[in-house]
Amino acid sequence: MYKADETRYDKMPYNRCGKSGLKLPALSLGMWHNFGSVNDLENMKKILFEAFDCGITHFDLANNYGPVYGSAEENMGRILRSDLMPYRKEMVISTKAGYDMWKGPYGDGGSRKYLMTSLDESLKRLGLDYVDIFYHHRPDPDTPMEETMAALDQIVRSGKALYVGISNYNREQTREACRILREQGTPFIINQLSYSMLNRWIERDGVKDYLYENGIGCIAFSPLAQGILTGKYLEGIPADSRAGSGKSPFLRGSDLSEDTLEKVRALQEIARERGQSLTQMALAWILRDGKVASVLIGASRPEQIRENCRALDNIIFSSEESDRIDEILR
Ligand code: NDP
């Protein structure tokens, strides 16, 4: 049976999630890839244990992570039962509903029907009574925002989640959600958004600043642009990578344009001068201004967790470095 490293809390900074009382590790682990029924359970355990030993206390799921849909939650449930349940109170486990999950009109979107049913099923798969954070996974223009937010509120009041969040909501959508949730008194603490050196839309849209100014936490997903910012695709597509494995429809060879690879090469030079790998610099860059509470990484093997955690050794960027990076990314 797994026994956690006694020194795990010496290694990781914990940041307040917005103005809430909940602290999140500077790096959190997402289970979108590599935790499905197509993957190896022993490897999943190694990744999760390595993460927890490094001080990563936050584990992010969604109803449809797999493949097959639901299987990442099932595997997390298995590993909780076999090893991690003694540490449940030291863990922040989140899940979501919002994208397609089951057939028919009730397995997608933002209806009260979908959200409440989906969370009940997630809890069964996880073998838990509650999750720490439950998210609406994406805005649904066909459901009144009041309905979705009331469902989130009831979920918390029923004790099935401690906090709620939204994901992929832009500034205007966040403002509206926040207005309703605050009126209801719902513990709304976080927006989960894509953000990386290659994807700065949350800066342009203004949602990053909006969250910061309004005391709501921001957690950044796909911080390595699914691996592109590790530099692993500069000499072709490795067979054992996300783009090369053929297992993910979300990253394909065609996403790797020469323009993108050119930027990656130029960034790699700055990382080298900073004494970091490009991976580490890309993660550190997200934390540079203190406006992002946690960076949500993925990993296909435990060594990646170890490398990525070393990003935290240097998250300070000189203005000269920042200017050069901005120039490359322009
Ligand atoms: P990343 O951008 O961090 O990509 C992770 C992948 O990059 C790994 O699986 C691995 O892929 C590769 N990688 C990571 N570290 C290294 C390393 N040190 N060396 C070499 N390769 C490395 O994040 P994800 O795209 O996986 O997203 C992270 C999490 O964000 C998800 O698990 C999920 O929880 C969340 N998310 C949320 C979404 C939402 O809509 N709310 C959408 C997408 C993600 P490989 O080795 O296979 O090449």
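Author: Let's start at Asn168, which sits in the loop between β7 and α5 (171-184). Residue numbers start from 1 along each chain as its sequence is written. Please keep in mind that this is a predicted model: local features need pLDDT of at least 70, side-chain atom pairs count only at pLDDT 80 or more, and totals for chains, interfaces and linings use all residues.

Asn168 is not a glycine, yet its phi is positive, at about 65°. Asn168 counts as partly exposed because it has 19 C-beta neighbours inside 10 Å. On this scale, a residue with 20 or more other C-beta atoms within 10 Å of its own is buried, one with 12 or fewer is exposed, and anything in between is partly exposed, with C-beta atoms placed from the backbone. Ser222 gives you another case of a positive phi without a glycine, here about 50°. Ser222 belongs to the loop between β9 and α8, and it is buried, with 22 other C-beta atoms within 10 Å.

β7 (residues 161-167) runs parallel to β6, and five bridges join the two; strands count as paired if DSSP finds at least two bridges between them. Across this pair, Val131 faces Ala161 of β7.

β6 deserves a visit of its own. β6 (residues 131-136) is largely enclosed by the rest of the structure, because five of its six residues are buried. Strand β5 (residues 92-97) also pairs with β6, in the parallel sense and over four bridges. Here Lys96 has Tyr135 of β6 as its bridge partner.

Leaving out residues up to four places away in sequence, Phe134 touches Thr95, Leu119, Leu152, Ile155, Ala161 and Val164, where contact means C-beta atoms, placed from the backbone, within 7 Å. Phe134 also belongs to the largest nonpolar core, which has 93 residues; Met31, Ile133, Phe134, Ile155, Val164, Ala220 and Val295 touch the most other members. Such a core is a set of buried Ala, Val, Leu, Ile, Met, Phe, Trp, Tyr and Cys residues joined through C-beta atoms within 7 Å. Helix α9 supplies the largest share of this core, seven residues.

That brings us to α9 (residues 278-286), where nine of nine residues are buried. Among them are Leu278, Met281 and Trp285. The cover over the buried residues of α9 includes β3 (27-30), β9 (217-221), α8 (258-274), β10, α10 and α11 (319-329).

Terms used
Two residues are in contact if their C-beta atoms, placed from the backbone, lie within 7 Å.
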